[in-house]
Every structure is written in structure tokens, then in C-alpha cells.
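I opened my notebook with a plain plan. I would look up the sheet first, then the rings.

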Amino acid sequence: MKNVQAVAFFDLDGTLLNDKSQITPEITKAISALKTNNILPMIATGRTVVEIEPIMRDSGIDSAIVMNGQFIQVEGKKVYSNEFTYEECMKMYEHVKSLGHEISYYNDQQIWCSGHSEILANAYAFIHSDVPVIDRSSLKNKTVNMMLVLSEDGDEHYLKHFPEMTFYRNGPYSIDTVRKGVSKGSGVNNLFKTLALPKVPTFAFGDGINDLALFEACDNKIAMGNARTELKERSSYITKKNTEGGIVHALKHFDLI
């Protein structure tokens, strides 16, 4: 953490990863160059640490804002954790089951779910991840940083009954659920507060709706060529697609490597 000159935050799917959700050799080389230049690379994702361990290993990035800002680790060490109460988890579980949906629970070490369904299987296949194990035991003594609602509908119901939470529909089959006000952007702010980092330039790389808050929190907002229109409209630079070397192209554009 010494002599940090800038911080670069990378979304994963559609941004740092290729179309098979993998890290390419070009990305690994670019991350190494960033570190040489005293730039701290960080993953910023809706996923949790245990899900992205292979990605972190292959990319050489060991710092991350995960679960949409609910948990932060820097150089492999936890520095921030926002956790749901048992009562919050149970209220969500009851509504999920009443609508015929399933739910997954996340912390930095593990993922488990209330039951398996076709929609749940589709959700994890969508991001090339394994289906979590079923665990219906009590949540009383478990740490839950994020909940994932597995559904193709019900968005309005959850918004109406849980005004204290924020919901990010991250694909056709699932909705990330975090506390109100928590986002990748709040993760950036908490990172600087927790570590007392000096005011250095920040760079956000993204392609999806849950990257809007990340853009708002960073000085330089880089939208991938395949990004949503809403993100491109708020960007300070639009690079090439993630499958066309967009990350490396943008890093060179900003003289970061």
C-alpha cells in the first residue's frame, strides 16, 4: 500500500473477463504493469471472494470490493464488512418463498442456497459458476453479507416490501440484494475512509447498471465498448469491447501502463 499513485477498479463480466468469464494473458500482463507503476488494481463486483478466487489468482489482483460494496479486502486482508441481521434474512426468506422463488446467501467464505430450481441453475450458468449447496439450517449464527434472489420476476414486489434495501437485477435470473445506500460506489468511499488513503486519481471500468455508482465515485469513468447506453452516457471515455482488448486499450490511453 506504499506510494499508491492511483487506484483502478474493474468490473468483471463484460469488462475484465472475456466471453468465457476468463482472464486472458494480456490482462495478467497489464495488471502486473499497473503494480509496477504503483497503481492499485481492485476488482469491483457483485460476486463474493470465494467465487472469484481463480480470477484473482489468474489476474494477479488480490484486492476487491465484492458483493456490490458489502465487503472489501485489500491485499488479501478484510478491511470492511457490512452484514445483514438474522431478522432481515428471515423476512427476505419468507417473501422469497411466498413468491415461489429461491434465495442464495453470501459471505466472503461461502455461498449456500434455500433450494435448487431451473432458474437458479440458469442464474449460475449465466456467469459460468457452480450451483451452490443447499443449506436449510438456521441462519442465526451465520454471517450474511449479501442475498441473491433467484427469479425472473417479482422486482416490484421486493422494491415495495423492502424499502430499506437496494436491488440490482444483474441478469435475467437473479437480483443482488444489499443494504440501502450500499453500492460499488459506497465501497470506493469506504475503502478510502478505512485505509486513510491519500487523494489519488481513481479509474472505474465497467459495462453494466451496477457500475453507475462506481462511475459516480471515481474521477475517470471508462465504459467498455459493449457497455449499456446509460453507462456510456456518463462516461469520460469509451474504450473497445471487452473481447477486443478494451481494458488494455484504455489503460494505455490514460498512460497507466
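In which sense do strand E13 and E14 pair, and over how many bridges? I found that E13 (residues 220-223) and E14 pair in the parallel sense, over two bridges. Isoleucine 222 stands opposite tyrosine 237 in E14.

I noted the ground rules next. This is a predicted model, where local features need pLDDT of at least 70, side-chain atom pairs count only at pLDDT 80 or more, and totals for chains, interfaces and linings use all residues. Residues are numbered from 1 along each chain as its sequence is written, and side-chain values use heavy atoms, with hydrogens and water left out.

**The sheet**

I looked up the strand order. The open sheet has eight strands in the order E5-E4-E3-E2-E1-E12-E13-E14, with mixed pairing. E5 (77-81) and E14 (237-238) stand at the edges with a single partner strand each, so one side of each has no neighbour in the sheet. Strands here are DSSP runs of E of at least two residues, helices are runs of H or I of at least four, and both are numbered from the N terminus. Two strands pair if DSSP finds at least two bridges between them.

**Strand E2**

I turned to E2 (39-44). Five bridges join E2 to strand E1 (residues 6-10), and the two run parallel. Alanine 6 has isoleucine 39 as its bridge partner in E2. E2 and E3 also run parallel, joined by two bridges. There, isoleucine 43 has alanine 64 of E3 as its bridge partner.

Is E2 buried or exposed? Six of its six residues are buried (under 20% relative accessible area; exposed is over 50%, partly exposed in between, with a 1.4 Å probe and protein chains only). Ile39, Pro41 and Ile43 cover one side, and Leu40, Met42 and Ala44 the other. In a regular strand the side chains alternate between the two faces of the sheet.

E2, H3 and E3 make a right-handed β-α-β unit (with the strands pointing away from the viewer, the path from the first strand over the helix to the second runs clockwise).

**The rings**

I searched the whole structure and noted seven aromatic pairs. The rings of phenylalanine 162 and phenylalanine 167 have centres 6.4 Å apart and planes at 75°, so the pair is edge-to-face. Rings of Phe, Tyr and Trp (its six-membered ring) pair if their centres lie within 6.5 Å; planes under 30 degrees apart count as stacked, over 60 as edge-to-face and the rest as tilted. Ring pairs link Tyr158, Phe162 and Phe167 into a cluster. Phenylalanine 162 is buried at 1% relative accessibility, and phenylalanine 167 is buried at 14%.

Notes
Contact means heavy atoms within 4.5 Å. Axes are lines fitted to C-alpha atoms, for helices over the stretch in contact, and angles run from 0 to 180 degrees between N-to-C directions.
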